[in-house]
Amino acid sequence: IKFNATAMEEFKNRFISAIGQQSKAVNMSIVEQDKSKVPSIIDSVECTTDDEFLDLSVEIANKLTDAQAHRSIPGGIIVVFDGLYGATPKHFVGIMKAEIHSAYQKTQDTMTKEIGLEFIEEVLLTPAAKLYKTAAFFHEEDSDGDVVFEDSDLNKHWKVLISDSQISQTEGKAAAKYFYSTFLGCGYPATSARTTKRFYDKTAIFINDMDIPEEERSAIHTALNVYLRHEKSETVNQTEFASRHFDAATRDS
């Protein structure tokens, strides 16, 4: 599918709202690393031609069909896409399952200017977050690192984010397990303590390197400790922390 510029921009907005920093997407670990599983198919996408990419997307669609064994699971369209992210562009592969529903489209008579409504039986990718599930595999290597990864832990090469309207609830009890586990072969990390420690260490180093008065540096260090130890939030968000404690010129860094 070749989107025009407007349609592509809107598709990007859908993806960013589902997976971006302001979203509630959850970082997951790749559990199923067998060659026949979706993560390994994703791993082979990077150096493909357009035709090969199409073939792999069909494979991924078939995997979703296999995972949707229960009658209560709604059908839909699966969109497979790839792109680049970051200041020094790195590769990512995205998967979006969009449920189909009906809607009305506004029409206008060219002669009378009368407004009407046209019923459309099948619509997808609307802004309603409950109607689509999104996953993205972000390459952790530099884009110019021409490396083939074989027989190694895929978690070292891909960071996985998965978004479902209910997936951020505690331990994912309400999340669609068929999507993140049966289909994508992923699971919740055994513990978030390591990730939290990494956030703390990296942020502390960043604060130490800032060109600010020592008193201000000490205050931000204190704020970091309060944010992690005393606030009752279930998630840690670097964008939220930055918006609270860094000026506008520093936040992006």
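This is a predicted model: local features need pLDDT of at least 70, side-chain atom pairs count only at pLDDT 80 or more; totals for chains, interfaces and linings use all residues.
Met8 belongs to helix H1, which covers residues 5–19, and together with Ile1 and Phe3 it forms a nonpolar patch on the surface, the three residues having about 350 Å² of accessible area together.

## Aromatic pairs and a cluster

The structure holds 16 aromatic pairs. One of them joins Phe15 and Phe92 in a stacked arrangement, with 5.2 Å centre to centre and 10 degrees between the planes. Because Phe15 lies in helix H1 and Phe92 in strand E3 (residues 90–98), this pair ties together parts that are 77 residues apart in sequence. Phe15 is buried, with a relative accessible area of 10%, and Phe92 is likewise buried, with a value of 8%.

Phe92 also forms an aromatic pair with Phe138, and here the rings are tilted, at 5.7 Å centre to centre and with 40 degrees between the planes. Phe138 counts as buried, at 10% relative accessibility.

## Lys113 in a loop

Lys113 is placed in the loop between strand E4 (101–108) and strand E5 (115–123). Although Lys113 is not a glycine, it has a positive phi of about 65 degrees, and at 52% relative accessibility this residue counts as exposed.

Notes
Residues are numbered from 1 along each chain as its sequence is written. Side-chain values use heavy atoms; hydrogens and water are left out. Patches are made of residues with over 30% relative accessible area and no salt bridge: like charges are joined within 9 Å, nonpolar side chains (Val, Leu, Ile, Met, Phe, Trp, Tyr) within 5 Å. Accessible areas come from the Shrake-Rupley method with a 1.4 Å probe; for residues, only the protein chains shown count as cover. A salt bridge is a side-chain nitrogen of Lys or Arg within 4 Å of a carboxyl oxygen of Asp or Glu. Helices (H or I, at least four residues) and strands (E, at least two) are DSSP runs, numbered from the N terminus. Buried means under 20% relative accessible area, exposed over 50%, partly exposed in between (1.4 Å probe, protein chains only). Rings of Phe, Tyr and Trp (its six-membered ring) pair if their centres lie within 6.5 Å; planes under 30 degrees apart count as stacked, over 60 as edge-to-face and the rest as tilted.
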